[in-house]
Amino acid sequence: MRIVEDRENDGVVDSLEQLVEVSRVLGSDPRLVLHGGGNTSVKTTRRDVTGSEIPVLWVKGSGHDLATIGAEGFAALRLERLRDLLPPTRIGDIALLNELRCARLDADAPDPSVETLVHALVPHTAVLHSHADAILSLTNTEDGEKRVREVYGDSVVVVHYAMPGPDLAAACALAWEAESHPGTVGLVVLQHGVFALGDSPREALAHHDWLIAAAEVYLDEHASTMADTALMPLPDVDPVELATFRAELSALAGKPVTVRRSTDDEVARFVRDPEMLAATSHGPLTPDHVIWTKRTPLVGTDLSNYATGYRTYFADHEHQREVPLTMLDPAPRVVLDERLGMLTVGRNAREAGVAEDIYRHTMTGIATSENLGGYRPATAGHVFDLEYWELQQLKLARRDTHLPLAGQVALVTGAASGIGKACAHALLEAGASVVGWDLAGGIVEAFDSSEWLGLQVDVTDDDAMQHALRTGVERFGGLDILVVAAGIFPTSQPLGEMPMATWRKTMAVNLDAVAALYGHAYPLLRLAPTHGRVVVVASKNVHAPGPGAAAYSASKAALTQLSRVAALEWAPEGIRVNMVHPDAVFDTGLWTPELLAARAEKYGMSIADYKRRNLLRTEVTSAAVGRLVLAMADETFACTTGAQVPIDGGNERVI
C-alpha cells in the first residue's frame with residue numbers, strides 16, 4: 001500500500017509510525033486486547049493527487065492484530081466523508097461497510113474497523129480502543145455506570161452499551177454531545193470497553209494507561225480477601241473418554257473439531273465453585289467474544305441439554321434484527337466441569353487456544369464482578385446481535401482455513417527428521433493438528449505452529465507411549481490419523497555375523513513398538529469423527545530385500561503383515577490401513593554426503609545420477625513420500641484399505 005506520495009507528507013509518516021508503536025504496546029498486553037481485538041486511529045492531513053490538503057483518518061484494518069500490526073494494517077480514509085455518515089444520517093451495517101470501503105484513499109487498503117465512526121466522531125487526534133479486563137470487570141456489575149462515574153468523575157463520557165457499527169456511533173454521539181468537555185480523556189462504553197483520547201498516539205496511550213490504572217486501583221480496594229488454599233489437582237481422565245466427548249462435540253458441530261483440556265489451579269478453583277459456574281450463565285465478558293466462546297459455556301457434560309438451550313436462545317432472538325437468519329451449530333466452545341476442568345473447542349487448535357485465552361480472562365472478570373455484588377454483562381439479546389451480525393460472521397469466515405484436514409488430529413512417529421518430518425509437514429499444510437514423536441530432542445521445536453505438539457518419546461517404552469498418547473489427546477482432543485514412520489536401519493551385516501542383540505533391537509523398534517501402539521491407538525481411532533486412518537511407512541525391502549539387511553527386511557515385512565491384519569480387523573469400524581514402500585530416499589539423516597559420494601563412486605556414477613538410479617530416472621524425496629502419505633490420509637484413498645504402494649521411481653525387482 002502506498003502511504004505517502006511526496007516529502008510534504010512526512011508528517012503523515014511520523015504520526016503513523018507513532019500509531020504503530022503505541023498499537024503494538026496496547027496489543028502486547030492480553031489484559032487489554034485479545035486475538036485481534038481493539039482498534040486504534042490517528043487523524044492527519046494528506047496531499048492528494050490534485051494537490052489539495054485533505055483531512056485523513058488512519059484506522060486499524062479489520063482482522064489485523066494490534067500486537068504485530070504494521071503501517072500496512074491501517075486504512076487511510078477521507079475524514080469529512082466519515083463525518084457525513086454520523087447522526088443524523090442513518091445507515092445500515094452492510095451499507096456502512098460499503099461506505100467505509102469507498103472512503104479509502106487506497107483501494108488496496110484493508111477494510112476499516114467497524115468502529116471507525118466512533119474514531120471519526122471525536123475531535124481528538126488519536127483514539128485507542130481496548131476491551132480492558134479492568135474496565136469490563138467494573139462495568140459488568142449491577143451498578144456499573146455508578147462505579148465508572150465514581151472512579152473517573154467527569155473525565156470520561158459514559159455510554160450505554162450499543163452494538164458496534166452505526167448503533168454504537170449513534171450512542172457515542174448522543175453521550176458525547178451531552179457530557180464531553182475540553183478535559184475529557186475517554187469514553188467508557190458499558191459492557192464493551194474504553195476509547196482513550198489524545199492529541200497524539202502517545203498522549204492517548206498515557207490517558208489509556210491512567211484509565212486502566214484507576215480502574216485496577218478501585219478493584220483492588222474493593223476486593224475481598226480470598227484464602228489461597230491448596231487444591232487437590234483435577235483427576236487424570238482416560239483419553240478414550242475425552243475422545244468420546246470430542247466425537248460427540250464434532251457430531252453436534254457438524255465437522256471435526258479440536259478440543260484442548262486445561263486443569264491448572266486457576267481452572268480447578270473456578271470449576272469447583274458453584275457460584276462462579278452459575279454466574280457463567282449471564283454471558284461473555286463482552287459480546288465481541290461470542291464468536292469464540294458462544295454466549296455461555298457448557299457446565300457439566302450434557303451436550304444434548306446444551307444444544308436444546310442454544311436452539312431456544314436462537315428461537316427467542318432470531319427476529320430482533322428483522323433479517324432472515326440461519327442458526328449456527330449448537331455445539332459449545334467452552335466446557336466447564338468439576339472433573340474434566342476446562343475444555344475449549346475450535347475448528348483447529350489455534351481457535352481452541354483463542355477460546356481458552358478468552359475464557360481465562362472471562363473467569364477472572366466474573367470473579368472480580370461477583371466480588372462487587374454480581375456479574376452482569378450485556379444481555380442475551382445484545383450478545384445474539386453480535387453472534388449473528390453479518391460483519392462479525394465475515395470476520396470469522398476470513399479466519400476459516402478451508403483446509404481438508406482442519407479439525408483433525410494426526411500422530412506421526414519418527415517425526416524429527418527425514419520421511420517422518422516430511423509427513424508431519426504435509427499434514428500440517430493440509431490443516432491437521434499434529435503430534436510428533438521422536439527420540440531426538442529437536443522434535444519439540446521441529447515446527448513453529450499452534451497445530452504442532454512435539455514430544456520426545458522412546459517407542460520401545462510402553463509407559464512412555466501411553467503417557468504421550470494421553471498428552472496428545474489432552475492437547476488436541478483425540479486421534480484421527482496415525483502415521484508410523486519411526487524405524488531403525490542397523491549396520492549391514494550378513495546373517496552369520498549379525499548379533500542377536502541387533503535383531504532384537506530392530507524388531508523392538510520396527511515391529512513390537514508398533515504392535516503395542518496399535519493396541520493403544522485403536523480405541524481412539526475408532527472414535528475419529530471422519531473414521532480413523534493409519535499409514536505405515538514400510539520399505540522396498542518388504543518385496544525386494546537386500547543382503548546384509550536381515551533384521552531390517554524381516555521387521556518391515558512383519559510390520560506389513562501386522563498392518564494387513566489391522567486392515568482386516570478394523571475395517572468394520574471404518575478405519576483404513578494403508579502402506580507405502582519407499583526406496584532410495586536420500587534426503588534423510590541416514591545418507592550423509594560422504595556416504596552418498598562413496599556409493600556413487602562404487603557404481604561409477606555422479607551423485608545426481610546415483611539418486612536417480614531407478615526406472616523413471618527420478619529422485620525420490622522425503623517430501624514426495626509425505627505427499628503420498630497425505631493422500632492416504634485424506635479423501636483420496638477413502639475407498640481403499642490394505643493397499644501397498646511403492647514410491648521408489650520404479651524398481652525391477654519390486655515390479
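Ser563 lies in helix α20 (residues 550-570); helices (H or I, at least four residues) and strands (E, at least two) are DSSP runs, numbered from the N terminus. The model is a predicted one, in which local features need pLDDT of at least 70 and side-chain atom pairs count only at pLDDT 80 or more, while totals for chains, interfaces and linings use all residues. Residues are numbered from 1 along each chain as its sequence is written, and side-chain values use heavy atoms, with hydrogens and water left out.

Ser563 has a relative accessible area of 0% and is buried, where buried means under 20% relative accessible area, exposed over 50%, and partly exposed in between (1.4 Å probe, protein chains only). Leaving aside neighbours within four places in sequence, Ser563 is in contact (heavy atoms within 4.5 Å) with Tyr518, Val536, Val577 and Met579.

Tyr518 is also one of the residues with the most contacts inside the largest nonpolar core, which has 53 residues. Such a core is a set of buried Ala, Val, Leu, Ile, Met, Phe, Trp, Tyr and Cys residues joined through side-chain atoms within 4.5 Å. Others with the most contacts inside this core include Leu249, Leu411, Trp437 and Leu482. Helix α19 (residues 500-525) gives the most to this core, with 10 residues. Apart from this core lies another, of 41 residues, among them Val20, Val56, Trp58 and Val158. In soluble globular proteins, nonpolar side chains tend to be buried together.

Helix α15 (residues 380-387) is largely enclosed by the rest of the structure, because 6 of its 8 residues are buried. These are Gly381, Val383, Phe384, Asp385, Leu386 and Glu387. Cys172 is found in helix α7 (residues 166-179) and counts as buried, at 0% relative accessibility. Residues up to four places away in sequence aside, Cys172 touches Val118, Leu121, Val159, Leu187 and Val189. The C-alpha atoms of Cys172 and Leu328 are separated by 31 Å, and the two residues are 156 residues apart along the chain.

Some loops show particular backbone geometry. Pro87 and Pro88 are joined by a cis peptide bond, with omega about 20°, and Pro88 lies in the loop between α2 (79-84) and α3 (93-102). Gln191, in the loop between β6 (186-189) and β7 (193-198), has a phi near 60°, a positive value in a residue other than glycine. Gln191 is buried, with a relative accessible area of 17%. Ala584 also has a positive phi, near 55°, and is found in the loop between β17 (576-582) and α21 (593-602). At 27% relative accessibility, Ala584 counts as partly exposed.

For the chain overall, the secondary structure comes to 23 helices and 18 strands. Buried residues make up 55% of the 655 residues. The C-alpha atoms fill a box of roughly 95 × 65 × 45 Å, taken along the principal axes. Of the contacts with a separation of 6 or more, 72% are between residues 24 or more positions apart.

The pLDDT, the predictor's confidence in each residue from 0 to 100, averages 93 over the chain, and 97% of the residues score at least 70. Over residues 1-8 the pLDDT is below 50, and this stretch has 23 contacts in the model beyond near neighbours in sequence. Where pLDDT is low, the predicted coordinates should not be read in detail.
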